[in-house]
Amino acid sequence: RHLRLLLLLLVATPAAAQPAYVRSIQLARAASQREFIDPATSPLDRTELRAFTGLAFFPIDSTYRVEARFTPIHERRAVTLATSTGTPRPYLAYGTLAFMLGGKPQTLTVYRSEAVSSQPGYEDYLLVPFTDGTSGRESYGGGRYLDARIPTGSTVTLDFNLAYQPTCAYSHRYSCPIPPRANRLTVPVRAGARLTPQ
């Protein structure tokens, strides 16, 4: 929970000097590694931890940090997202994000969970699930996520260097939302978390 708040703060921080930006991503990744290997915070059980070889990431690339135009969905509707276990999970389709990536226009729908937003510190939390050309090959086939906050203006910074794989990528004990077909990006996103290279 604290790690997600850290990632949200990093997204909100301008990438002024390149070395400082790279360092901020490195710190976020180190925090993720610590969370996974520490039995007190790891989503993995003891057996899974013994087999765990560490998180893997694509190289840091600042071109995957983009400004997206946020359009709220005024008549917000309840939707159900499929999950890795087949049990649908309720969400609220909250808005859309339009941006350029790889020279091509992209659009993602962002979602809000009432269960998550009722927790302290997550009142303005939004989930940005997506798949791309790396899904099922270089990254988890069930997609990856970005975290965002409800914007006060019309733009949201999306940093795919902070994209993470759901816990289902590391353990079958979890039920994770699968990004809808409409949230498939038309370019491969070689940034953020990835499968451990074979």
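These are my notebook entries on a few sites that I looked up in a predicted model.

**Ground rules.** I number residues from 1 along each chain as its sequence is written, and I leave hydrogens and water out, using heavy atoms for side-chain values. Because the model is predicted, local features need pLDDT of at least 70 and side-chain atom pairs count only at pLDDT 80 or more, while totals for chains, interfaces and linings use all residues.

**Disulfide.** I searched the whole structure for disulfides (cysteine sulfur atoms within 2.5 Å) and found 1. The bond joins cysteine 168 to cysteine 176 with an S to S distance of 2.0 Å, and with 100° about the S-S bond the link is right-handed. I then checked accessibility, where buried means under 20% relative accessible area, exposed over 50% and partly exposed in between, with a 1.4 Å probe and protein chains only. Cysteine 168 is buried at 11%, and cysteine 176 is buried at 6%.

**Serine 139.** I placed serine 139 in the loop between β5 (125-130) and β6 (144-149), where strands are DSSP runs of E of at least two residues and helices runs of H or I of at least four, numbered from the N terminus. Serine 139 counts as buried because its relative accessibility is 0%. Its side chain makes a polar contact with the side chain of threonine 134 at 2.7 Å; the term requires N or O atoms within 3.5 Å, one able to donate a hydrogen and the other to accept it within protein, and residues adjacent in sequence count only if both atoms are side-chain atoms.

**Strands β5 and β6.** I noted that β5 and β6 run antiparallel and are joined by 6 bridges, pairing being assigned if DSSP finds at least two bridges. Leucine 126 stands opposite alanine 148 in β6, and 5 of the 6 residues of β6 are buried.

**Aromatic pairs.** I searched for pairs of Phe, Tyr and Trp rings (the six-membered ring for Trp) with centres within 6.5 Å, stacked under 30 degrees, edge-to-face over 60 and tilted for the rest, and the whole structure gave 9. Phenylalanine 36 and tyrosine 170 form an edge-to-face pair, 5.0 Å centre to centre with 65° between the planes. Phenylalanine 36 lies in helix α2 and tyrosine 170 in the loop between β7 (155-159) and β8 (193-194), so this pair ties together parts 134 residues apart in sequence. Phenylalanine 36 is buried at 8%, whereas tyrosine 170 is partly exposed at 22%. I also recorded that ring pairs link Phe36, Phe52 and Tyr170 into a cluster.
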